[in-house]
Amino acid sequence: MPVLEQSLKPFNTFQIEHSCAQLFHAKNKEELTQYCLALYRSDKPFMLLGGGSNIVLTEDFQGAVVRVESKGVLKSEDDNFYYLDVQAGENWHELVETSLLMSIQGLENLALIPGTVGASPIQNIGAYGVELKDVCDWVEYLDLTSGELIRLKAADCDFSYRESIFKKALKTKAVITAVGFKIRKVWQPVLTYGPLKAFDKETVTAKQVFDCICSLRNEKLPDPAVLGNAGSFFKNPVISKARFMRLKEEFNHAVGFTINDEQVKVAAGWLIDNLGLKGYTVGGASVHEDQALVLVNLGKATGSDVVQLAKNIINSVKHVYDITLEVEPRIIGANGEKELVND
């Protein structure tokens, strides 16, 4: 049974105070499919909510919210791979910890990414040289139009940097119910970023990589329980190598990461930091003092404060560098997701 007129403040990591008309707790896959199909067929607005780490609430939501709380991790293996079948409501970081306890190595670079497993394929989460697409085997989703459960192979998910078919063709048609992982038994550590480069690939352990990344993220990112936030707020923009070289000519400390012979991923945090915007505040929302990529709730921020802060940053970056930043979190209004520019 749904809870009526429920506050969503405990369920979003920005700790923004807004409510929804109804709140459903989907404790398993059966409840998840049942609730979502009934709401979809009622033609009333509804929204899925996992860890609440990728949303900015700007108004009271006039529809129903379904919290994805389904649990379960099944392991199997063959000669070359480990396979994990994971329910959508599992906490992502806890899955990484569980995999290490199972002596499965390969997810450690993705430690401490907030959110649930079901949300991970939507924007192809990634960190420190590893993306979800590198370890994903399949994604199972509920097709809201047919009511069927469909299993899509990773190759058909249209994964790219922070993108997937679930943000495009299937955006309003799919509810992810489970994710399958395929992880090589012969571990190849990914040590291409920051302090990880100091490790010897011949002697390093997955636990050492995990501990290092946890330490890095805890140093760089504020705890949402203490200071409300949604993690990295902006995507790192991808530009041509030629354009990045022109950027370096004007700003010799510009930070970028080579993707291939033609493209470079520019550090959005550097773009913002270089403009002196750490600590910049709009209402109760601010750019974090230590990490320019993170916007925080100083205590009484509204969703409108966060959105206006983001807009001002985007405009400043565009004016100085002629680069357009894109936001990572979803902006949620009274009837569902909307574009930042329309808020």
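Predicted model: local features only at pLDDT ≥ 70, side-chain atom pairs only at ≥ 80, totals over all residues.
Residues are numbered from 1 along each chain as its sequence is written, and side-chain values use heavy atoms, with hydrogens and water left out. Local features need pLDDT of at least 70 and side-chain atom pairs count only at pLDDT 80 or more, whereas totals for chains, interfaces and linings use all residues.

**Helix H2**

Helix H2 spans residues 92-101, helices being DSSP runs of H or I with at least four residues and strands runs of E with at least two. Its buried residues (under 20% relative accessible area, 1.4 Å probe, protein chains only) are Trp92, His93, Leu95, Val96, Ser99 and Leu100. Seen down the helix axis, these residues fall within an arc of 160°, taken from the directions to the C-beta atoms, so they line one face of H2. They pack, with heavy atoms within 4.5 Å, against strands E6, E7 and E12 and helix H3. At the start of H2, a side-chain oxygen of Asn91 comes to within 3.0 Å of the backbone nitrogen of His93, while Ser103, which follows the helix, has a positive phi near 65°.

**Second largest pocket**

The second largest pocket holds about 660 Å³ of space. Of its 31 lining residues, Thr13, Ser53, Pro114, Gly115 and Pro224 are the closest to its centre. Strand E5 (61-68), H3 and strand E13 (228-232) each give two or more residues to the lining, and E13 gives the most, with 3 residues. The lining divides by residue class as follows.

| Class | Lining residues |
|---|---|
| Nonpolar | 11 residues |
| Polar | 14 residues |

Note on methods:
Buried < 20%, exposed > 50% of the residue type's maximum accessible area, 1.4 Å probe, protein only. Polar contact = N/O pair within 3.5 Å; in protein donor to acceptor, adjacent residues only side chain to side chain. 1 Å grid on protein atoms, 1.4 Å probe; cavity = no way out; pocket = protein on both sides within 12 Å on 5 of 7 lines; lining within 4 Å. Points joined across faces, edges and corners; volume = space filled by probe spheres on them. Nonpolar A, V, L, I, M, F, W, Y, C, P; charged D, E, K, R; others polar.
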